[in-house]
Amino acid sequence: MTEAIYPGTFDPIHSGHIDIATRAAGLFDHLTVAVYARPLKNLLFTTQERKAMITEALDHIPNLSVATYRQLTVDFARQVGAQVVVRGLRVISDFELEFQMALTNKKLAPEIEFVCLMTSQEYAFLSASTVKEIAMLGGCVTGMVPRHVAEAMQAKFDGTTDNEAQVKLVSLRD
């Protein structure tokens, strides 16, 4: 049985993430979407909120589970018995970062394979930062994120939820 993980921050999960997760679940016996709990980023959603949104977005995939982790990705992969780490690529600049991370991780865990899936063309423009900025400025994110994610973002930006940390969003133009 081939176990794979798809790690990321997923703040928030968007249609590009869903595309990669759906396709990866079709390639491997089991896929764990691994929500990283300690990124060096300003987050809009808590770890548990991100996990809940991902679980709802992907609950139709029977061979997929969602978990959180706080350690090195390769250590989490070992913990769950994963032989493969899946990453998504949107544009050329993603390749450089993913290539560097894959080589570093391969040095740390030579027994684990690293696979990159190209996003479907319709999602190549999507990033969590783009989606958050559009939502923050009142734009329509229909088709970019599931409805429940759009509603959760709107609640955060409207101030109708308890945001435990003031999130500093940086414009993509800055």
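Student: How close do the axes of helix α5 and helix α6 come, and at what angle do they cross?

Tutor: This is a predicted model. In it, the axes of α5 (residues 128-136) and α6 (residues 147-158) come within 9 Å and cross at roughly 55°.

Student: Which residues make the contact between α5 and α6?

Tutor: From α5 come Val131, Lys132, Ala135 and Met136, and from α6 come Met153, Gln154 and Phe157. Sorted by class, the contact of α5 with α6 has five nonpolar residues, one polar and one charged. As a general idea, an α-helix has 3.6 residues a turn, so residues three or four places apart point the same way.

Student: Which residues of α1 are buried, and what covers them?

Tutor: The buried residues of α1 are Ser15, Gly16, His17, Ile18, Asp19, Ile20, Ala21, Ala24 and Ala25. Their cover includes the strands β1, β2 (30-36), β3 (64-69), β4 (84-89) and β5 (113-118), together with helix α2 (47-58).

Student: Is Ala24 buried or exposed?

Tutor: A residue is called buried when its relative accessible area is under 20%. Ala24, in helix α1, has a value of 0% and is therefore buried. Leaving aside residues up to four places away in sequence, Ala24 touches Leu31, Val86 and Leu117. Sequence separation and spatial distance are read separately: Ala24 and Gly88 are 64 residues apart in sequence, with 9.7 Å between their C-alpha atoms.

Student: Where is Thr9 found, and which residues does it touch?

Tutor: Thr9 is found in the loop between β1 (3-8) and α1 (15-27). Its relative accessible area is 12%, so Thr9 is buried. Residues up to four places away in sequence not being counted, Thr9 touches Val35, Pro39, Lys41, Leu43 and Arg50.

Student: What is the relative accessible area of Asn42?

Tutor: Asn42, in the loop between β2 and α2, has a relative accessible area of 47% and is therefore partly exposed. Asn42 and Val86 are 44 residues apart in sequence and 24 Å apart in space, C-alpha to C-alpha.

Definitions and conventions:
Residues numbered from 1 in each chain as written. Predicted model: local features only at pLDDT ≥ 70, side-chain atom pairs only at ≥ 80, totals over all residues. Heavy atoms only, no water. Helix = DSSP H or I, 4+ residues; strand = E, 2+ residues; numbered from the N terminus. Buried < 20%, exposed > 50% of the residue type's maximum accessible area, 1.4 Å probe, protein only. Contact = heavy atoms within 4.5 Å. Axes fitted to C-alpha atoms, helices over the stretch in contact; angles between N-to-C directions. Nonpolar A, V, L, I, M, F, W, Y, C, P; charged D, E, K, R; others polar.
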